[in-house]
Amino acid sequence: MKRIILIITVISAAIMELIDTSIVNVALNYMSGNLGATLEDISWVVTAYGIANVIIIPMTSFLVNNLGRRNYYIGSIILFTFCSFMCGNSTNLWELVMFRFLQGIGGGALLSVSAMVVYECFPKEKQNIASALFGIGVFIGPTIGPTLGGFITDNFSWRWIFYINIPLGILAAILCLKLLPESPTRQKVKKIDWPGIILLIIGIGSLQTVLERGETEDWFAARYIIFLTVAAVLSLVLFVHRELTIPHPVVKLSVLKHPSLSISAILTFITGIGMFTSIYLTPVLAQRFLGFNPAQAGLLLLPGSIIAVFALIITGKVLQKGVPPALVVLLGFCCFIYFNWSMAQVNLDVSFATISINLIFRALGMALLTVPLASLAVSSLKAEDMPQGTAINNMMRQLGGSFGISIINTYIARRVALHRTDLISNLTPDNRSVMDRLQTYTSLFQSKGFGFPEAQQKAIGLMEKIVVKQSFFFKLYRCLYGYWSGIYICLTFIIIFPEEE
């Protein structure tokens, strides 16, 4: 019973951490108005959390060995909970950004250490079951974040998206204090690799900032983006060289010599692109083009989320019975390919049910990918290397999401103008259907009491809005085709998908 309670506790903590990666997205407008910040500046609330997460996750093994797993994990829960309270109490933007960064530092442990604990609770021959259980948290967290955030902001205050972490965090800390054992594979750090830590912070922090802020700043039109890009490249190159050549690295990159972990990390990175970008695009479609409120947009994801929970458990059991992991991964990519293809066919008249059904295939695809890839990552690692392998795999998922969203945003911004021009080229006086539409809109505004000149101007303005909407909509779902290239890359990797040792 104690083991079951511990597993539920750490998975719940991981879900809480992952929810916070997406829960604030739907509340940014409310925060902007309440704190007197621009929408551009308020986006640092998201950026700060992502930067802190990606910096701290690869250092998990080092921190566990140096501080002890109990101390580090419980301390991280307390830090995450306290900073959640302070985020909710923030009175200005930069105070909120600071506490979001510290919240992300605390949240890093809730992801990687939780995975370690779950794996530790199962013998090696049942690692697929452990992967399935932890996969529930990995999948559910980002998925229900927008739904929960939309419900809270619609019915309460944006501050409550942070306050809801407080009772959960307190309960998790108390239970872990009573139930969480020290790591049996802890190896006391003999010498702290300070240069490695500094290079990691500069490299990953700069990279994440560039990915999060690049499109907003028009990429290399901003000097600080150029500076951070150079800093990221130089720091990461030096970091990799150092970590592979010193005896006590802060991140043991040598574990990537295991083919199972290196292949899993690549596939997890590309899976992260699909997971996070599809979650990012769906609320945009629902709210910007279909007129759904945040809560309704979140409900689109609910059927798929429920089915995914069962799919994760079934996948773990199927793998346990000896079904080849490559076959499950192939089926997962096929489901995700179908999701992309079907979403690329929708138009502005699409129904709620159609989108929900399409999202079920997304959920199935992600569920079928999560379990075998997580199991593969640790399948050939020694017990003392599992924390590092798990941390690297989790970091690759988060980085995949950052790269994917950055690429999508850039692609949309750069190509929408082109498609608007293409559409406008067909709006000519000799096009009968265009003139009929313009006359219909003009008559509509005249019926509302406007004079002919003003009614015609409003009709032209309405047609302009329709053109812009169609341009965005078309380009948004052409972006989904962009996933295909990544998916086919993944499918080629399946050919060399290593067997578990």
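Q: Helices are DSSP runs (H or I, at least four residues), numbered from the N terminus. Which one is Val-318 in?
A: Val-318 is found in helix H15, which covers residues 302-320. This is a predicted model, where local features need pLDDT of at least 70, side-chain atom pairs count only at pLDDT 80 or more, and totals for chains, interfaces and linings use all residues. Residues are numbered from 1 along each chain, and side-chain values use heavy atoms, without hydrogens or water.

Q: Why is Val-318 classed as partly exposed?
A: Because its relative accessibility is 32%; buried is under 20%, exposed over 50%, partly exposed in between (1.4 Å probe, protein chains only).

Q: Which residues make the nonpolar surface patch?
A: Leu-299, Leu-302, Ile-306, Phe-310, Ile-314, Val-318 and Phe-352, about 630 Å².

Q: Switching to Gly-50: buried or exposed?
A: Buried, because its relative accessibility is 14%. Gly-50 is in helix H4 (residues 44-56), and its C-alpha atom is 9.2 Å from that of Leu-399, 349 residues apart along the chain.

Q: And at what angle do H6 and H7 pack?
A: About 145°, with the axes of H6 (residues 69-88) and H7 (residues 93-120) 8 Å apart. Axes are fitted to C-alpha atoms over the stretch in contact, and angles run from 0 to 180 degrees between N-to-C directions.

Notes: Helices (H or I, at least four residues) and strands (E, at least two) are DSSP runs, numbered from the N terminus. Patches are made of residues with over 30% relative accessible area and no salt bridge: like charges are joined within 9 Å, nonpolar side chains (Val, Leu, Ile, Met, Phe, Trp, Tyr) within 5 Å. Accessible areas come from the Shrake-Rupley method with a 1.4 Å probe; for residues, only the protein chains shown count as cover. A salt bridge is a side-chain nitrogen of Lys or Arg within 4 Å of a carboxyl oxygen of Asp or Glu.
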